[in-house]
Amino acid sequence: MRLIVTLILLLFIAAGIVLGALNADLVGYDLGFVQLSLPKGAALLAALVVGWLLGGLTAWLGVSARQQRLRRKAMGQESGKAKTSPAGA
């Protein structure tokens, strides 16, 4: 399993190197508060990484919010069961 993961990682590193080498032209970016001049390949890889991180963060927040809702619902049901149990039993 470790060998497969290493091979996939090397494949993606090689693809990144090729992407950067084939897109070496400088492109100007005006972000309003700063002007950058970056190679196209670096900008593409940076956009990919930022999108990957934001997508992962969004998925993580969505799952954790759902887990909190389910946990609160379960706690409410447990406390509701304790309150409705007969006192003389």
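**Exercise 1.** How many buried residues are there among the five residues of strand β1 (residues 26-30)?

*Solution.* Start with the ground rules. This is a predicted model, where local features need pLDDT of at least 70, side-chain atom pairs count only at pLDDT 80 or more, and totals for chains, interfaces and linings use all residues. Residues are numbered from 1 along each chain as its sequence is written, and side-chain values use heavy atoms, leaving out hydrogens and water.

Next, take the cut-offs: buried is under 20% relative accessible area, exposed is over 50%, and partly exposed is in between (1.4 Å probe, protein chains only). Strands are DSSP runs of E with at least two residues, helices are runs of H or I with at least four, and both are numbered from the N terminus. With these, the count for β1 is zero. Across the protein, buried residues make up 4% of the 89 residues.

**Exercise 2.** Find the partner of β1 and describe how the two strands are joined.

*Solution.* Strands pair if DSSP finds at least two bridges between them. Here five bridges join β1 to β2 (residues 35-39), and the strands run antiparallel. Tyr 29 stands opposite Leu 36 in β2. The two strands form a hairpin with four residues between them; in the turn, Gly 32 has a positive phi of about 95 degrees.
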